[in-house]
Amino acid sequence: MSNKVRRFFGERPLPQIEVDSQVLGRRTRRDLLLFGAGTVAALAGARSLLPQALRIDDDVAESLYSPRRMVPTYTKSQITQLKNNYNGATPDPSYIPGWHVTLDGLASGLSVALDIRNLMTRFSIHEQITRLVCVEGWSAVAWWAGLRFDDLLRAYPPASQARWVRVESSVNLDASGNPDPYYVSIDLATARHPQTLLATHLNGQPLTVEHGAPLRLMVPVKLGLKNVKAITGLTYVAQESRDYWAERGYSHYDGI
Amino acid sequence: MSRATTPCPEAISTSMPSKQPGVIVTRRHHLLVRWSHWLNVPILLGLILSGISIYWASPIYQHKPDPITGTFDLAADIGIWICAHVPGLHRYSSPPDWVYNHMSLGPGMLAVALRLHWLCAYAFMLNGAVYVAGLIAGGGWRGLLPRRTDLFDALRMFRYYIGFPLAKLVRRQWPHPSSNTKYNALQRAAYFTIPIAGFLSVTTGWAIHKPMQFHSLAAIFGGFDATRVWHFWLMWVFTLFVVPHVILVFADGWDTLRGMITGWSARVRRPEVTANEQ
């Protein structure tokens, strides 16, 4: 090492100054008060900023999103077990035979109902092995198949002013088995992501009732709680719609 | 306290010869360093308390459900053990929640914990930038760099700290190892490690917070699940640093604590004395 480098990195003697002995005491008192006041102010500020923290983070997540950035995909040997994380009771499968999804807020002004046969025959089916990440911290790698949300949006274009889609499931139940409709907001930019599927199959088999038969949202750029099971309605809206978990204190955008 | 038992005898006297009216002080810490140092107290407290509440929602250390208690979380087991063995806690209402009730915002607080964790995380990143700016502006970063002799010197310091209470008990002299640098080797190792741990906490935090947008970041740490383990243990680096840090500051005396408030130290080093001690 040259002397120049050594001098640059080398520790230097601390600067010394001579002060009146009273100055030291006064400065100590002043700075103690200042730092104390600063800490109280910081805590008070944190209290008032608490509700904004999620909004800042949602804005950061939204700015990170790019339709061209793909989520990592995995091989079949990397598949892990996916648990049934229905928040309440798992619905009785009796809803499945009469199931259809209703589309509202379309450019045509019509309300469209599609059953699972319609969806699977009219749209091409895509497969992907992606990670589902839960807000709780666990994650699972699973093999999904289904139609691209983007293809459905092209076939049934939303009204021009629509920016959000309200995704809901009317078959959702609470812990004691009573109806507890589930609804989330998804921004249309995310719905158009090429890896956002309306999934019909898990691990090569049609979805079971535990995983949202017959159609669930599979949006890997969002937290698991946005991946609505047993979708019964898609409504395109201009303003961000209500969101089940946002109403329970969680964030709105949930982009990961 | 006699000089020989003062933890920092290399930093000498606060009284100057009578002909000098004032006191000589050294400038130890830049204003931004002091500011960010104290802000770290509420920020780290918020991060750790909310972080353990987030941990509760999906513990990384799990086992098959216990046939008797039904718990699967190691932290719940620790709570049960504490309530069974610590006097006065036998009638604690919910032993599996003991750890979370005492070291976090509490169980079932995920939504609030996430809000607080992100608020503190953004504050922590800003505060880290302020700290680095202070280190550069005051030149303090040079004092943190490791030296070739540090391993040996750190062992000497370690021996000193371990032996200090014993020497006190038997009223033996226990001289502080001499050093003519701002920090001793053990302090240097700690103060060099903590900013790195802070940087890694932020990096692993982003990797598990945005695992799709930053999936390559998680890959560096071994994937999403492994990154959660990194993030958890980095929390322990801070926790294990803070305990001796606070104890030693109080053991060292008011001048050291005041130094982080005013930036000034009245212990002025006189090189010739240090030389004599060697």
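## Strand pairing in chain A

Two strands are taken to pair if DSSP finds at least two bridges between them, and strands (E, at least two residues) and helices (H or I, at least four residues) are DSSP runs numbered from the N terminus. In this predicted model, local features need pLDDT of at least 70 and side-chain atom pairs count only at pLDDT 80 or more, while totals for chains, interfaces and linings use all residues. Residues are numbered from 1 along each chain as its sequence is written, and chains are lettered from A and ligands numbered from 1 in the order in which they are written.

Strand β2 (residues 101–104) of chain A runs parallel to strand β11 (residues 233–237) of chain A, and 3 bridges join them; within β11(A), T235(A) is the bridge partner of D104(A). Both strands belong to an open sheet of 5 strands in chain A, which has the order β3-β2-β11-β6-β7 and mixed pairing. Its edge strands, each pairing on one side only, are β3 (112–114) and β7 (182–187) of chain A, and the twist from one strand to the next averages 20°.

Chain B has 10 helices and 2 strands, and its elements run β-α-α-α-α-α-α-α-α-α-β-α from the N terminus on. Of the 278 residues in chain B, 32% are buried, a residue being buried if 20 or more other C-beta atoms, placed from the backbone, lie within 10 Å of its own.

Helix α1 (residues 31–57) of chain B packs against helix α8 (residues 224–252) of chain B at an angle of about 145°, with their axes 11 Å apart; axes are lines fitted to C-alpha atoms, for helices over the stretch in contact, and angles run from 0 to 180 degrees between N-to-C directions. L44(B), I48(B), G51(B) and Y55(B) of α1(B) make the contact with F232(B), M235(B), F238(B) and T239(B) of α8(B), where contact requires C-beta atoms, placed from the backbone, within 7 Å.

Helix α2 (residues 21–64) of chain A and helix α9 (residues 254–262) of chain B pack at an angle of about 65°, their axes lying 9 Å apart. The two helices, α2(A) and α9(B), are therefore roughly perpendicular to each other, a term that covers angles of 65 to 115 degrees. On the α2(A) side, R27(A), T28(A), D31(A), L32(A) and F35(A) meet R258(B), I261(B) and T262(B) in α9(B).

Technical notes. Angles under 35 degrees count as roughly parallel, over 145 as roughly antiparallel, 65 to 115 as roughly perpendicular and the rest as oblique. Two residues are in contact if their C-beta atoms, placed from the backbone, lie within 7 Å. A residue is buried if 20 or more other C-beta atoms lie within 10 Å of its own, exposed if 12 or fewer, and partly exposed in between; C-beta atoms are placed from the backbone.
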